[in-house]
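Let's take a walk through this structure together. Keep the sequence and the 3D view open as you read.

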Amino acid sequence: MTLSHEQFTEEDDVEEEVVLTVKEKRRPSQLSIPSEKAHPNLYVDSPRASRAPPTLTKAEERRRKAIGAGSVVVLILLVLVCIAMIKVLSGNEHLSALTPNQKNFMLATKAAGAKETLAYYTADSRWAGSNGDLAMAQYIADKALDFGFPEDNVKLSEYEILLNEPISLRVGIVGAPGTPDKVFDLTGSVTDKSKPVPYHFYSLNGTARGQLVYAHYGRSQDFKALRNAGVDLVDKVLLVRLGRISLPAKIELANSVGAVAVLTYSDPADNGSLKGKQWPNGPYQPNDRAAFGTAYMGNGDPSTPDDVSVRDIERLPTDLIFSDSNTRNIMPKVVSIPIAADVASQLLANIRTGPPASQVFPNFVGGVDAAYLVGESDATIFVDNINKYALKKTWNVVISLEGTREADRIVLVGSQRDSAISGATSPGSGNAVFIELLRGLGTLLGQGWAPHRTIFLASIDAEDYGNVGTAEWIDKHASNFASRAVVFLNIRDPVLGPGPLSVEGSSSLRTMLYLTTLGVANPDASAKGAVDTTTTAYVNENAHGNMSMVWEDLSNAVSDSVYHYWLKQTKTGAPKAVVPEVLLPGTGHTLSPFVGRLGVPVVEMGFDAGFATAVEDTTYDSLEWMKSYGDPSFTFHRAAAQLYGSALLTFSDAVFLPYDFAEYAKDLRRGKDDLTRVLKTYTTFSLNLDRLEKAIVAFEKAAHHVNTDITLMQDEMLDVLNGQMVVDVKRARDMNNRLMMAERAFLFPEGLPGKPWMKHAVYGHSIWNDYNITIFPGVFNALSDAILIDAKHQLHRLCRAIEDASDALATVALT
């Protein structure tokens with residue numbers, strides 16, 4: 001049939017089915033294809049037929065090529081713009097993991113606000129008890145009122161605390177007969193009495209004389225090396241570098257080897273010229289300044305042990321405080337004075353005999369211009385340390401917000417306010433972050449928010465002297481805090497430089513800290529201007545309802561989150577690490593009495609570039625240093641405020657307290673492993689650790705069951721239709737009580753032997769470890785004393801504490 005063009009329809013435009021008939025199941029030998037000539041193309045006039053492209057003019061070709069090239073350029077520019085916008089808005093990607101209140105809090109914080117606070121803080125002396133200290137307390141109270149806190153909730157609490165201030169600090173070299181002494185009068189050039197010369201807080205008054213011995217860092221291993229080199233330490237003046245162990249530990253260990261005085265200095269090899277350029281050409285410390293520090297290893301005002309230091313309270317006299325019969329605190333028993341590296345260099349020049357320090361101390365590096373010989377000085381060195389001890393008024397600013405659901409549970413926040421040098425990093429950065437915390441909470445109050453749990457925010461005085469203000473605050477409210485406090489967020493030195501985060505805290509808080517740091521963007525260390533990001537982002541209404549670990553959250557961490565950089569820093573020292581390192585509480589500073597005395601979990605967070613210790617506790621710790629090296633853009637201050645604010649809101653508003661005792665169990669396991677390793681080479685006696693192993697295994701199981709119970713309870717409380725939690729208040733309350741009691745179960749009511757204020761079974765300072773933080777301090781102290789009955793008793797108490805904690809976690813009904 002022949003089809004004309006007019007008769008062709010779309011329905012006919014189909015492929016013709018070809019059927020090949022194969023006879024006798026054989027394929028045809030050849031398939032013939034008809035030629036075009038035999039069958040002309042029927043669709044030649046169809047619009048679907050192939051046609052030759054139209055001929056374009058050269059002008060049209062150029063126009064089309066220009067349009068194509070322009071489109072490519074525009075596409076590339078759009079890609080670049082998208083990448084730039086991702087960088088700009090990346091900080092708000094983290095907000096997607098936050099509750100609306102946490103998001104609004106973060107957006108309210110300001111880098112410019114932190115800069116303003118720090119400028120005010122460093123403009124005057126904030127020495128404890130001074131007029132400038134009181135002015136800063138009033139400044140903080142006024143800011144709280146400005147941010148919308150009710151006037152009745154802002155209180156100034158007054159104390160009277162025994163504090164010392166320097167009268168005469170002198171170090172000298174006794175001259176040969178007929179020649180004058182060479183004297184370094186450290187207080188002689190003081191003109192501004194509101195800013196003291198560097199001295200040791202709570203140092204022993206007195207005069208000491210003896211030959212000088214270089215004692216490196218003043219550790220037990222250093223004294224052992226000196227004795228092995230034939231150096232007598234009795235009645236010697238020891239020259240000791242700062243670092244490695246605490247100042248009180250150096251003084252206590254010096255007393256134990258029979259020394260009569262300790263001179264401390266910062267060696268340029270640790271934080272001066274050998275590390276990098278010195279201020280003002282770089283961040284490191286020049287050699288002409290000494291560093292402040294506390295010589296006190298005790299609990300609160302030493303004149304009122306276990307009591308509150310307020311007006312008209314009965315006190316111990318100063319001579320009794322420093323007597324050998326004082327067993328309530330560890331007071332220094334030898335004279336001590338801080339000196340500059342320049343002075344240390346001149347003193348070292350008087351040691352002309354003995355082997356070089358590099359032959360005595362492993363991996364020795366010295367930074368002053370001296371020979372560093374290990375021997376006794378030719379000349380006698382004298383040390384005069386005269387201080388005035390007097391009662392001074394101090395002030396804590398306490399700001400409270402009453403809870404709505406669990407008002408009898410308290411979230412505590414503290415920040416050191418006083419400083420003899422008004423330091424910008426320490427503690428100035430903490431004051432700036434504290435006020436940004438108030439700003440963020442004030443914004444939430446203005447939006448109608450109220451916390452589920454009660455919040456106390458405290459600006460604490462007399463902390464420079466060794467947690468004295470915190471201890472006095474506890475003394476005033478001991479029963480209240482012991483039974484009601486759920487956490488202590490300690491804002492101590494949160495910005496030491498533009499580097500990754502460093503954290504120390506109770507192990508039960510680790511999971512909460514991991515998730516908190518996922519929600520905050522790490523600031524750009526190269527930023528020079530303070531730019532506040534205020535772009536909004538999607539908010540997860542149910543975020544942080546349960547703080548149980550979700551490992552997928554961590555493995556998918558945003559590449560510019562604080563968590564990411566924190567983990568990256570951890571991996572530089574531990575390449576196989578899967579989570580960032582959280583240091584034990586008390587690693588960098590004296591253990592907080594909130595955990596040491598009350599069993600309240602604590603945390604301290606801070607950004608650290610590794611060079612702030614070069615100026616910390618010296619008069620070089622200034623606003624100018626912070627602007628130049630510490631945090632020029634003040635965005636690290638803002639990020640620190642966001643971290644603390646997010647953690648605070650998690651604790652105040654989460655249905656279940658964000659503890660994870662599975663992490664606590666890891667510390668128990670670590671402590672047992674350390675003890676096992678030590679006992680392998682401990683020859684005095686042996687200990688049976690079978691009960692300890694069983695106690696830890698039981699605790700691990702109880703911690704796992706509690707985490708599972710919390711997850712199941714949350715699932716049951718979740719209303720799937722609207723995505724909200726319908727809280728069973730009684731069940732949540734019962735679970736939170738179990739969690740709190742498990743924390744408190746690790747306390748020894750009578751404290752550790754010789755340290756009754758240190759009551760924690762797991763965390764404490766131990767002489768075994770040169771008074772550094774130690775897991776299972778009671779057992780290790782007993783090993784140091786080498787008394788079997790004490791070691792067995794401490795091990796028994798430890799096992800019982802772990803068993804009690806397991807019982808607290810597991811108990812629903814007593815049987």
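You'll find L80 in helix α1, residues 58-93. Helices here are DSSP runs of H or I with at least four residues, strands are E runs of at least two, and both are numbered from the N terminus.

Before going on, know that this is a predicted model, where local features need pLDDT of at least 70, side-chain atom pairs count only at pLDDT 80 or more, and totals for chains, interfaces and linings use all residues. Residues are numbered from 1 along each chain as its sequence is written, and side-chain values use heavy atoms, leaving out hydrogens and water.

Now look at the rings. A search of the whole structure turns up 36 aromatic pairs; to pair, rings of Phe, Tyr and Trp (its six-membered ring) need centres within 6.5 Å, with planes under 30 degrees apart called stacked, over 60 edge-to-face and the rest tilted. W279 and Y629 make an edge-to-face pair, 6.1 Å centre to centre with 80 degrees between the planes. This pair ties together distant parts of the chain, 350 residues apart: W279 sits in the loop between α7 (268-271) and β7 (293-294), and Y629 in helix α17, residues 623-630. Y629 is partly exposed, at 23% relative accessible area. Then there are F651 and Y659, whose ring centres are 5.9 Å apart and whose planes meet at 55 degrees, so this pair is tilted. Both F651 and Y659 are buried.

Another cis bond runs from S426 to P427, where omega is near 5 degrees, and P427 belongs to helix α10, residues 424-446. Why point these out? Most peptide bonds are trans, and most residues other than glycine have a negative phi.

That brings us to Y372, which has a positive phi near 55 degrees. Y372 lies in the loop between α9 and β9 (376-401) and is buried, with a relative accessible area of 4%. S422 also has a positive phi, near 55 degrees. You'll see S422 in the loop between β10 (406-416) and α10, buried at 5% relative accessible area.

Terms used. Buried < 20%, exposed > 50% of the residue type's maximum accessible area, 1.4 Å probe, protein only.
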